[in-house]
Every structure is written in structure tokens, then in C-alpha cells.
Amino acid sequence: MATLRRLREAPRHLLVCEKSNFGNHKSRHRHLVQTHYYNYRVSFLIPECGILSEELKNLVMQTGPYYFVKNLSLHELITPEFISTFIKKGSCYALTYNTNIDEDNTVALLPNGKLILSLDKDTYEETGLQGHPSQFSGRKIMKFSSEESTMMSYFSKYQIQEHQPKVALSTVRDLQCPVLQSSELEGTPEVSCQALELFDWLGAVFSNVSLNNEPNNFISTYCCPQPSMVVAKAYLCTITGFILPEKICLLLEHLCHYFDELKLAPWVTLSVQGFADSPVSWGKNEHGFWKGGEHLYNFVIFNNQDYWLQMAVGANDHCPP
């Protein structure tokens with residue numbers, strides 16, 4: 001019965017919210033993006049926008065490629081040739097694919113050359129390596145590798161495929177949006193919504209959930225937090241694949257300058273989700289799946305260059321940095 005009760009419990013998470021300004025020399029927005037290494041989905045929402053600029057659309061279409069290498073031997077990642085070709089000349093990201101972090105052996109190569117091994121007990125003992133117990137119970141090796149122009153030729157003896165991220169573009173009409181004040185993370189009753197309410201609302205929008213709370217809707221009773229406003233059009237873009245932090249930094253930088261010209265939108269958002277079975281979340285912070293495997297962050301970018309940063313992980317993970 002205790003096990004059944006635990007299974008019925010809603011997954012818990014840790015959410016950290018902070019506010020700053022992109023012009024503040026102490027702002028850590030770049031560091032947070034650059035150290036969240038393994039990203040599989042990036043979404044941005046622009047209220048009062050019916051079409052993307054060519055510059056922004058081109059940036060979205062240039063987030064790839066990445067590579068899928070089947071049955072790659074782990075020792076290939078520590079050979080002098082690999083280190084000379086990829087590690088010393090820049091950065092390379094690699095992550096095991098189709099493995100369950102709480103059950104299987106999982107490997108991640110960080111861009112600084114560090115190799116993270118998350119191993120089950122038998123494999124750990126066979127390797128003879130020195131490590132420490134995982135805070136999560138348990139741990140095929142197939143790899144995502146990215147990115148270099150020589151990747152295809154270097155791994156030509158393996159089954160290697162080049163992939164491009166999938167891009168979904170859509171216009172949402174008559175979208176009810178929360179009213180936000182950049183200086184008020186906690187919101188003000190009847191004046192503005194709080195950051196947590198926005199976080200939940202974005203999840204509903206990205207999941208295409210109805211926000212009307214109609215009495216005959218038995219799937220969702222969720223509605224937009226109040227106070228709110230209705231925008232005639234909002235542009236929604238979602239990129240799915242293996243997306244490097246460098247690409248996200250470029251996208252964030254472009255969205256930061258979205259308000260250089262006068263716009264009707266009071267704010268835009270950029271949301272990034274990490275691979276659920278990545279062994280790390282930020283930096284070298286250990287990550288586990290537990291019930292959801294979430295580790296993600298969201299920027300709310302205001303027209304005065306203020307921003308909110310929201311970071312979330314599962315309850316068993318280390319608190320976001």
C-alpha cells in the first residue's frame with residue numbers, strides 16, 4: 001500500500017526564480033545557459049507577433065547538426081587522437097542515447113573534456129575506477145555526439161548519422177496571457193501575476209492545453225491566471241533535437257534585442273528542457289530520473305531588459321545553481 005501511495009503522488013520538483021537585468025555586470029544568464037549542457041527542446045513565445053523576422057527565422061534553422069553514432073566503444077573518447085581532434089580544438093558534447101539513468105550505464109562527455117560515468121554496481125566494480133555512490137538507485141551504449149565538420153569522417157567505421165533538429169512554427173490566436181510586472185516576482189493581487197503562475201501557464205501553452213476552463217471540458221480545468229490580457233496573435237516556436245548551449249546563447253542574445261525597436265509585446269519567453277536521462281543537470285550536478293527526469297530553465301525577457309530566470313529540477317536533484 002505504501003508503494004501504491006508513492007506512485008499516486010504527483011512528482012515534486014525544485015524551482016528557483018530570480019530576476020536581474022541583462023545590462024547588469026553581475027548577471028549570470030550566460031553562465032547558466034553555458035553550463036546546462038544537454039538540451040533536447042527549446043521553445044520561445046512572442047506575444048503580439050504574427051510572423052518571425054528573417055534573421056530570427058534563419059537563426060532557428062541553423063541550430064544543427066548533431067550526430068548519432070551507434071555502438072560507439074567508450075575507449076574512443078579517451079584516445080589521444082580523439083582528444084587532439086575534438087577536445088583541444090574546441091568543445092565536444094556526447095551523451096548516451098536510449099538509456100535510462102536510474103537503470104542503465106550512462107555516459108556524458110562535457111565540453112571541457114571531463115567524462116562522466118554513471119554505472120551500475122557490477123560495471124563499476126569491473127572498471128576498478130574510484131568514484132562515489134549515486135544518490136539515485138541503479139544506472140547498450142549508443143551515443144549522441146556533436147559537433148564538428150570532421151565528425152562523419154572520424155567515426156566512419158561506425159554507423160553514424162547526421163541529424164537536424166526538428167522545428168515547429170505556429171501562430172496562436174486570441175491567446176489569454178498573464179499580466180506581468182518585471183519588478184514583481186511574487187506578483188501583486190489584481191495588478192500582476194507571480195512567476196510560479198507564469199511557469200505553470202507556459203507549460204499549458206507549450207502542451208497545447210485548453211486555457212478556457214470550459215464546464216464541458218473533462219480533460220483540463222486549467223485557466224489563465226489573473227489578471228490577464230488577450231493578445232490577437234502570439235508566435236510559438238519549438239526546436240527539438242540535440243541543441244548546444246552556444247546555439248541557445250545566440251538565440252537568447254537575439255531575443256534580448258527584440259525590443260530594440262518598438263514592439264507591442266510587453267515580454268517574450270525562452271524555455272529550455274534538458275534530456276531526462278542525462279547524468280548531469282547544470283555543470284557536474286548529478287541528475288536522476290525519479291518520476292519525471294525534469295531539468296529545465298525559462299527566461300522571461302521584458303521590454304526594459306529586465307528578466308526573470310526560472311530553473312527547475314526533480315526533488316532528488318541538487319538545487320539549481
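Tryptophan 201 and tryptophan 267 are both buried; buried means under 20% relative accessible area, exposed means over 50%, and partly exposed lies in between (1.4 Å probe, protein chains only). The model is predicted: local features need pLDDT of at least 70, side-chain atom pairs count only at pLDDT 80 or more, and totals for chains, interfaces and linings use all residues. Residues are numbered from 1 along each chain as its sequence is written, and side-chain values use heavy atoms, with hydrogens and water left out.

Now to the aromatic pairs. Rings of Phe, Tyr and Trp (its six-membered ring) pair if their centres lie within 6.5 Å; planes under 30 degrees apart count as stacked, over 60 as edge-to-face and the rest as tilted. By this rule there are 22 aromatic pairs. One of them joins phenylalanine 82 and phenylalanine 86: the ring centres are 5.1 Å apart and the planes meet at 45°, so this pair is tilted. The two residues are four apart in helix α4 (residues 80-87), which separates them by about one helical turn. Helices (H or I, at least four residues) and strands (E, at least two) are DSSP runs, numbered from the N terminus.

Elsewhere, ring pairs connect Tyr37, Tyr38, Tyr40, Tyr66, Tyr93, Phe242 and Phe275 into a cluster. A ring can also face a charge. The charged end of lysine 263 sits over the ring of tyrosine 258, 4.6 Å from its centre; the rule asks for NZ of Lys or CZ of Arg within 6 Å of the ring centre and within 35 degrees of the ring normal.

Back to α4. Which residues of α4 are buried? Phe82, Phe86 and Ile87 are. They cover an arc of only 75° around the axis, so they lie on the same side of α4; the arc is that of the directions from the helix axis to the C-beta atoms. The face turned away from this buried side carries the exposed residues Pro80 and Glu81. Cover for the buried residues of α4 includes β5 (106-109) and α6 (151-154).

Next, the nonpolar cores. A nonpolar core is a set of buried Ala, Val, Leu, Ile, Met, Phe, Trp, Tyr and Cys residues joined through side-chain atoms within 4.5 Å. The largest has 36 residues, and Phe44, Ile46, Leu251, Leu255, Leu270, Tyr297 and Phe299 touch the most other members. At least two residues each come from α2, β2 (39-47), α3 (54-61), β10 (228-243), α8 (245-256), β11, β12 (295-302) and β13 (306-314). Helix α8 gives the most, with six residues. Leucine 270 shows the packing: leaving aside neighbours within four places in sequence, leucine 270 is in contact (heavy atoms within 4.5 Å) with Val42, Ser43, Phe44, Ile248, Leu251, Leu252, Leu255, Tyr297, Asn298 and Phe299. Apart from this core lies another, of 21 residues, among them Leu175, Cys177, Val205 and Val300.

Charges come next. Side chains of opposite charge can pair when their charged atoms come close. A salt bridge here is a side-chain nitrogen of Lys or Arg within 4 Å of a carboxyl oxygen of Asp or Glu. The whole structure has three salt bridges. In one, glutamate 18 meets arginine 28 at 2.8 Å, N to O. Glutamate 18 lies in strand β1 (residues 13-21) and arginine 28 in the loop between β1 and α2 (29-34), so the pair ties together parts that are 10 residues apart in sequence. Glutamate 18 is buried at 18% relative accessible area, while arginine 28 is partly exposed at 28%.

Glutamate 253 forms a salt bridge with arginine 30, and the closest N and O atoms are 3.8 Å apart. Glutamate 253 is partly exposed at 35% relative accessibility; arginine 30 is partly exposed at 45%. Lysine 157 and glutamate 76 also meet in a salt bridge, at 3.1 Å, N to O.
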